[in-house]
Amino acid sequence: MGMIAAGGPDQMQRRQFLGLLGGAALPMQPGQFRLIAMNEEAKMVEKKVSYDVDGRKFEGMLVYDDSVKSKRPAIFMQPDWKGVCADTIGQARTVAGKDYVVLMADMFGAGYGDKPKTPPELAAGMRAVHDNVPFTISCGGKAYAALMAEANKAGLVDPAKIVAIGYCAGGGYALEQARAGADFKGLVVFHVTNPNPAQAGTPCNIKGRVLAIHGSADPVTPKPMMDALEQELTTAKVDWQIMTFGGAVHSFCDPTANAGPTRYDEKLCRKSYAMMREFIAETV
């Protein structure tokens with residue numbers, strides 16, 4: 001069953017998204033991500049995990065609280081177009097808390113997120129992955145396998161409790177993995193970019209539940225694209241929910257976004273993470 005909370009209609013043109021995303025693209029200074037505060041007593045570990053795809057080196061990351069000794073659900077995370085960087089690691093720390101182990105995928109190559117990039121550079125990197133579906137599925141799969149192997153070796157996760165999340169472009173990548181049959185019990189996408197199949201007619205073999213949390217005024221992914229996602233999931237008989245924040249724009253869970261139509265909203269981000277946690281508890 002689907003749940004839709006409708007807001008006002010989108011008036012922006014998707015072709016403008018590069019300009020709109022400009023202010024959201026630049027990483028913050030190290031240590032600046034504290035808008036969603038972590039418990040300073042938490043022993044957060046950020047462990048790099050390497051893997052190769054087509055002769056290229058990639059470097060994902062495990063993020064978890066080392067003070068917790070019991071096995072936890074695993075959250076496979078596809079970050080936004082900035083890749084693995086200080087900003088997205090901050091998001092992973094917030095998501096992980098004491099309850100989950102986050103497995104961050106790298107889709108752009110080792111070191112990609114170390115230096116700031118311009119919006120056109122970020123868009124080019126995003127499109128290179130989005131337009132190559134076999135690579136998206138292969139790289140995402142290699143990331144998942146390598147990160148899960150490392151997490152299992154350390155005895156961190158319950159292998160029966162695996163979900164995925166994705167932010168912006170990462171949400172689109174996670175959806176492509178799920179369509180290809182990735183064994184996620186559930187998938188949560190936040191203000192997803194490119195929610196529809198990159199290749200028209202791609203079969204929808206999503207095995208788990210889906211929760212999409214979106215803004216009604218998102219100019220990057222307007223309502224017709226979300227309607228198409230809804231229809232795809234309904235036709236495939238997927239257990240789905242689309243929760244829409246009235247008037248919200250793109251990137252409301254990205255503390256670096258401050259460019260008007262791509263704008264962080266602490267209240268909506270907090271609500272989104274509460275929805276995610278409830279969804280995961282119901283799913284696994």
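# Notebook: helices, rings and phi values

I began with the overall make-up, and the protein chain comes to seven helices and eight strands, where helices (H or I, at least four residues) and strands (E, at least two) are DSSP runs numbered from the N terminus. I noted that this is a predicted model, in which local features need pLDDT of at least 70 and side-chain atom pairs count only at pLDDT 80 or more, while totals for chains, interfaces and linings use all residues. Residues are numbered from 1 along each chain as its sequence is written, and side-chain values use heavy atoms, with hydrogens and water left out.

I then looked up burial, and of the 284 residues of the protein chain 57% count as buried; buried means under 20% relative accessible area, exposed over 50% and partly exposed in between, with a 1.4 Å probe and protein chains only. For contacts (heavy atoms within 4.5 Å), I took the pairs of residues at least 6 apart in sequence and found that 74% of these contacts join residues at least 24 apart.

**Entry on α5**

How many residues of helix α5 are buried? I found that eleven of the eleven residues of α5 (residues 169–179) are buried, among them Y173, L175, E176 and R179. The cover over these buried residues includes the strands β3 (72–78), β5 (157–167) and β6 (186–190), together with the helices α3 (119–130), α4 (133–153) and α6 (223–235).

I also checked both ends of α5. In the loop between β5 and α5 lies C168, which has a positive phi of about 50° although it is not a glycine, and C168 counts as buried because its relative accessibility is 7%. After α5 comes G181, whose phi is positive as well, near 100°.

**Entry on S251**

Another positive phi in a residue other than glycine turned up at S251, with a value near 70°. S251 is in the loop between β8 (240–245) and α7, and at 2% relative accessibility S251 counts as buried.

I next looked at G90, which is found in helix α2 (residues 86–96) and counts as buried, since its relative accessibility is 7%. G90 and D254 stand 164 residues apart in sequence, yet their C-alpha atoms are 9.9 Å apart in space.

How do the axes of α2 and α7 cross, and at what angle? The axes of α2 and helix α7 (residues 266–283) come within 11 Å and cross at roughly 50°; axes are lines fitted to C-alpha atoms, for helices over the stretch in contact, and angles run from 0 to 180 degrees between N-to-C directions. That angle makes α2 oblique to α7, given that under 35 degrees counts as roughly parallel, over 145 as roughly antiparallel, 65 to 115 as roughly perpendicular and the rest as oblique. On the α2 side the contact is made by Q91, T94, V95 and A96, and on the α7 side by Y273, M276 and R277.

**Entry on aromatic rings**

I counted ten aromatic pairs in the structure, where rings of Phe, Tyr and Trp (its six-membered ring) pair if their centres lie within 6.5 Å, and planes under 30 degrees apart count as stacked, over 60 as edge-to-face and the rest as tilted. F108 and Y112 have ring centres 4.7 Å apart and planes at 20°, so this pair is stacked. Both partners count as buried, F108 at 10% relative accessibility and Y112 at 15%. I noted lastly that Y51, F58 and F135 form one aromatic cluster.
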